Amino acid sequence: LGTRLELVETRDERWLLVALPDRSERWIQQGDVEILDAAAPVPRGDIDDVIATARRFLGLPYLWGGSTPLGIDCSAFVQLAYHLHGVELLRDADIQYSQPDLAPVERGALQPGDLIFFGSSSITHVGLYIGDGDFIHATTHEHPVVQISRLDEPHWTDLYYGARRP
């Protein structure tokens, strides 16, 4: 997901020969990839695209420091969901909150796609607001997986720190 490969050859409208990172070559189906100019930046997707991508990770195990299908932590989760749609976020929740190009958002003005941050005395967690009081995040709270939670749950209300808009 999100890997860029060099296109070596097109066999027909169905098959493409690509170079893998180790420089070996493999055939893949054209319908499984999107062909982009190598020099082109990843196009910025809209918020619905970011949220749809984030939902694909539901149930993925939580792993502190993780950023792979074997496990992912909260900041890597939001970083990846946005990265796949052309928006670069810093790696950790506390520095994402301080990232200069993210706009502060009041709690009453939250919109889908906003990053919401949590922590008692410092930021220790981040999630992606998806609307109607729900957010998606990688957490250890209740079950250690990517899940959807309610912002009005007492646990999250007590820890709410602030929000930023990419």
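A pocket here is an open set of points on a 1 Å grid over the protein atoms alone, where a 1.4 Å probe fits, with protein on both sides within 12 Å along at least five of seven lines; lining residues have an atom within 4 Å of a point. The model is predicted, so local features need pLDDT of at least 70 and side-chain atom pairs pLDDT 80 or more, while totals for chains, interfaces and linings use all residues. Residues are numbered from 1 along each chain as its sequence is written, and side-chain values use heavy atoms, without hydrogens and water.

**Exercise 1.** Describe the lining of the largest pocket.

Solution. Step 1: 20 residues line the largest pocket, and G2, T3, R4, E34 and L36 lie nearest its centre. Step 2: sort the lining by class, which gives 12 nonpolar, 3 polar and 5 charged residues. In this sorting, Ala, Val, Leu, Ile, Met, Phe, Trp, Tyr, Cys and Pro are nonpolar, Asp, Glu, Lys and Arg charged, and the others, Gly among them, polar.

**Exercise 2.** Which residues lie nearest the centre of the second largest pocket, and how is its lining divided by class?

Solution. Step 1: of the 18 lining residues of the second largest pocket, Y62, W64, C74, T124 and H125 lie nearest its centre. Step 2: the classes in this lining are 7 nonpolar, 8 polar and 3 charged residues.
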